[in-house]
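This report describes one protein structure for a reader who has not seen it before. It begins with charged side chains and then turns to the chain as a whole.

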Amino acid sequence: MKTHDGPHGGVNHDDDCYGCRLKGKNLTLASSATPTRTRHQPFRPMVQPSWESGVTGETRRDGSFMPYLDKSLQPIGVKEMADNRTRLEAIRHKQLHDPNFGKET
């Protein structure tokens with residue numbers, strides 16, 4: 001071990017110190033390239049695409065919006081509608097063309 005004015009500022013270290021070898025080759029590392037606890041930048045979580053956050057439905061002639069509802073009377077999201085479009089469109093088509101649908105007996 002020896003002491004010198006290397007990147008350690010006069011601290012004892014081994015001859016195979018990586019920082020000293022870089023300084024001997026006239027290479028330095030940017031401070032932003034070295035990880036520290038205070039500069040830890042966590043990855044941002046993936047944001048859901050905006051088209052998936054909407055609710056499917058249809059706009060009526062008077063300008064009001066009527067959402068499509070599932071069996072539990074909750075609005076169906078755009079993502080769910082896109083994933084099950086064939087099945088849901090078949091149910092909707094059957095309801096639109098059934099003359100007795102929605103009529104109380």
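In this predicted model, Glu 89 and Arg 85 both belong to helix H3 (residues 85-96), where they sit four residues apart, about one turn of the helix. A salt bridge links Glu 89 to Arg 85. Glu 89 also forms a salt bridge with Arg 92. Glu 89 and Arg 92 are three residues apart in helix H3, which again separates them by about one helical turn. Through salt bridges that share partners, Glu 58, Arg 85, Glu 89 and Arg 92 are joined into one network.

Helix H2 (residues 78-83) holds another such pair, Asp 83 and Lys 79, four residues apart. Their side chains meet in a salt bridge. The structure holds four salt bridges, including those in the table.

| Salt bridge | Closest N to O distance |
|---|---|
| Glu 89 and Arg 85 | 3.6 Å |
| Glu 89 and Arg 92 | 3.9 Å |

Asp 83 counts as exposed because its relative accessibility, 52%, is over 50%. Lys 79 is partly exposed at 35%, as are Glu 89 at 29%, Arg 85 at 42% and Arg 92 at 27%.

The protein chain as a whole has three helices and two strands, in the order α-β-β-α-α from the N terminus. Of its 105 residues, 10% are buried. The chain exposes about 9,700 Å², and carbon and sulfur atoms supply 54% of that area. Among contacts between residues at least 6 apart in sequence, 12% join residues at least 24 apart.

Methods: Residues numbered from 1 in each chain as written. Predicted model: local features only at pLDDT ≥ 70, side-chain atom pairs only at ≥ 80, totals over all residues. Heavy atoms only, no water. Buried < 20%, exposed > 50% of the residue type's maximum accessible area, 1.4 Å probe, protein only. Contact = heavy atoms within 4.5 Å. Areas by Shrake-Rupley, 256 points an atom, 1.4 Å probe, with all protein chains shown as cover.
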